[in-house]
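Thanks, everyone. I'll keep this brisk. Have a look at the structure first, then we'll walk through it.

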Amino acid sequence: ATGLSNANYVLLQSETQAFDIAPKAVGLDWANTAFTYDGSSHAPTATATGLVPGDTCKVTVTGGQKNAGSYTATASALSNANYVLPQTATQAFAIAPKTVGLKWTKTSLTYNGKAQKPKATATGLVAGDKCAVTVTGSRKNAGSYTAKATKLSNSNYALPKARTKACTIKKKTIKLKWTKTKLKYNGKAQKPTATAVGLVKGDKCKVTVSGAKKKKGTYTATATKLSNKNYQLPAK
């Protein structure tokens, strides 16, 4: 106090009084709370609301994350000392896995007696990342099948909607070993015999031969059928 308006009074010795101006609590307007994994760290942004006209106040946010998942960010500091953070200064946010592409190989196979399936490779990965694809639908016998990508080894990635692939296991072509090609007339119809060569160990495959003849002469016999559907006759 520096003076009185009435000359009949004087100030006491204690002429000062301490007082406080408390900082104003701001509101927080959160944005960018949903991301997709891209190998970089992400966090929401927060804007201070309720400022006095003309004031500026930046909000520092901590809790940024890189990997896919659900997290909580925190507004931890303000750039203007005239303001303080509110009691609730946190915000949930999420980083979604990135959807990969699938490159299929080995979709046309040949019977070899073992279970086989195509191979799928994840495409569109962030540089330096690795992601193996689990494929189900292996088959042993010759035929047409459908394989399916069912799992990824890296949780930062997700499979696409189109995750199946048609594949074929072709029949194995055999060779023929002919025997009994020189016969003697015996009054009965006769023909050579053919044995399948090049079978997978443990497999059996009988060869049907047509062209039996009874009378003396020179003829041609033909292997027409195999008993095992995993094999096919050689080209003529």
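When I say contact or touch, I mean heavy atoms within 4.5 Å. This is a predicted model, so local features need pLDDT of at least 70, side-chain atom pairs count only at pLDDT 80 or more, and totals for chains, interfaces and linings use all residues. Residues are numbered from 1 along each chain as its sequence is written, and side-chain values use heavy atoms, with hydrogens and water left out.

Start with glutamine 116. It sits in the loop between strand E11 (108–110) and strand E12 (119–123). Strands here are DSSP runs of at least two residues, numbered from the N terminus. Is glutamine 116 buried or exposed? Buried, because its relative accessibility is 16%. The cut-offs: buried is under 20% relative accessible area, exposed is over 50%, partly exposed is in between, with a 1.4 Å probe and protein chains only. Beyond its neighbours within four places in sequence, glutamine 116 contacts Leu109, Thr110, Tyr111, Gly137, Ser138, Arg139 and Ile169.

Now the cores. A nonpolar core is a set of buried Ala, Val, Leu, Ile, Met, Phe, Trp, Tyr and Cys residues joined through side-chain atoms within 4.5 Å. The largest one has 31 residues. Among those with the most contacts inside it are Leu28, Val59 and Trp104. Strands that each supply at least two residues of this core include E2 (27–31), E6 (69–78) and E14 (143–152). A second, separate core has 13 residues, including Leu109, Tyr111, Leu226 and Tyr231.

Take valine 59. Not counting residues up to four places away in sequence, valine 59 touches Leu28, Ala46, Thr47, Ala48, Ala75, Ala77 and Leu78.

Next, tyrosine 231, in strand E22. Tyrosine 231 counts as buried because its relative accessibility is 3%. A polar atom of the tyrosine 231 side chain lies 2.8 Å from the backbone nitrogen of valine 200.

Last stop: lysine 236. It lies in the segment after strand E22 (231–232). Buried or exposed, then, for lysine 236? Exposed, because its relative accessible area is 99%. Its C-alpha atom is 9.8 Å from that of threonine 222, 14 residues apart along the chain.

That's the tour. Questions, please.

How values were computed:
Helices (H or I, at least four residues) and strands (E, at least two) are DSSP runs, numbered from the N terminus. A polar contact is a pair of N or O atoms within 3.5 Å; within protein, one must be able to donate a hydrogen and the other to accept it, and residues adjacent in sequence count only if both atoms are side-chain atoms.
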